[in-house]
Amino acid sequence: MANKTISSIAKDLKISRARVYQIIDMLDDNEKPSKDSNDRYVIDDSAVNAIRKYYANSNTKAKQEKTSPIDDKVLDIIRRQLDKKDRQIEKLTQLLDQQQQLNLSTNRQNEKLLDTSTNNTPSQNDDTDVLKPTESNSKWEETKTLKKGLFGWLRR
């Protein structure tokens with residue numbers, strides 16, 4: 001009856017030492033290994049078998065959970081939700097297209113209005129945005145003047 005270490009069990013099962021300690025904590029009290037005077041586990045063959053058995057069971061349960069088929073009812077619900085979301089996306093896409101066309105139409109109308117309003121005002125001097133230097137502005141700083149018209153802010 002040879003005692004094993006946590007490290008050797010971990011190496012045999014190809015898991016971490018921390019996982020071995022977790023398994024030992026989850027074992028029943030009658031299967032848990034005892035501790036020596038230095039508070040280290042004394043792991044005999046029966047404890048090793050209990051650890052291996054627990055690890056094998058937990059591994060098969062985890063694999064079964066990962067590969068378990070999804071219930072047909074759940075699949076139907078998910079499919080219906082997906083179809084509903086597809087319809088919502090399609091409707092939102094149509095609304096977005098309509099909004100973009102409206103914006104384009106409005107921009108064209110605004111441009112026409114701008115053209116007609118600038119053509120109707122004679123000799124409006126919109127070519128310069130910079131004030132000529134004066135006594136109060138003698139450092140040759142460029143100062144923008146506000147353009148006139150309803151959509152003057154567009155030309156900035």
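I began with the surface: the protein chain has an accessible surface of about 13600 Å², and carbon and sulfur atoms hold 51% of that. A reminder to myself before going on: this is a predicted model.

**Entry 1: overall layout**

I looked up the elements next and found four helices and two strands in the protein chain. Read from the N terminus, their order is α-α-β-β-α-α. The protein chain has 156 residues, and buried residues make up 14% of them. I also checked how far apart in sequence the contacts reach. Of the contacts with a separation of 6 or more, 43% are between residues 24 or more positions apart.

**Entry 2: helix 1**

Which residues of helix 1 are buried? I noted Ile6, Ile9, Ala10 and Leu13. They lie on the same side of helix 1, because the arc they cover around the axis is only 100 degrees. Moving just past the end of helix 1, I came to lysine 14, where phi is positive at about 60 degrees.

Helix 1 covers 6-13 and helix 2 covers 17-26, and serine 16 sits in the loop between them. Isoleucine 15 belongs to the loop between helix 1 and helix 2 as well.

Is isoleucine 15 buried or exposed? Its relative accessibility is 17%, so isoleucine 15 counts as buried, the cut-off being under 20%. I then listed its partners, leaving out neighbours within four places in sequence: Ala10, Val20, Ile23 and Tyr55. I followed up on tyrosine 55. Isoleucine 15 and tyrosine 55 stand 40 residues apart in sequence, with 9.7 Å between their C-alpha atoms.

For serine 16 I got a relative accessibility of 41%, so this residue counts as partly exposed. What does the side chain of serine 16 reach? I found the backbone nitrogen of arginine 19, at 3.1 Å. Looking back along the chain, I checked serine 16 against isoleucine 6, ten residues away, and their C-alpha atoms are 9.3 Å apart.

**Entry 3: the nonpolar core**

My next stop was the largest nonpolar core, which has 15 residues. The members that touch the most other members are Ile9, Leu13, Ile15, Val20, Ile24, Ile43 and Ile51. Where do the core residues come from? Helix 1, helix 2 and helix 3 (45-67) each give at least two. Helix 3 provides the largest share, with five residues.

**Entry 4: the aromatic pair**

Last, I searched for aromatic pairs, and the whole structure has one. The partners are tyrosine 21 and tyrosine 41, with 6.1 Å from centre to centre and 45 degrees between the planes. The pair counts as tilted, because its angle falls between the under 30 degrees of stacked planes and the over 60 of edge-to-face ones.

Which elements does the pair link? Tyrosine 21 is in helix 2 and tyrosine 41 is in strand 2 (residues 41-42), so I was looking at distant parts of the chain, 20 residues apart.

Technical notes:
Residues numbered from 1 in each chain as written. Predicted model: local features only at pLDDT ≥ 70, side-chain atom pairs only at ≥ 80, totals over all residues. Heavy atoms only, no water. Buried < 20%, exposed > 50% of the residue type's maximum accessible area, 1.4 Å probe, protein only. Polar contact = N/O pair within 3.5 Å; in protein donor to acceptor, adjacent residues only side chain to side chain. Contact = heavy atoms within 4.5 Å. Areas by Shrake-Rupley, 256 points an atom, 1.4 Å probe, with all protein chains shown as cover. Arc of directions from axis to C-beta. Core = buried A, V, L, I, M, F, W, Y, C linked by side-chain atoms within 4.5 Å. Phe/Tyr/Trp six-rings, centres within 6.5 Å; stacked < 30°, edge-to-face > 60°.
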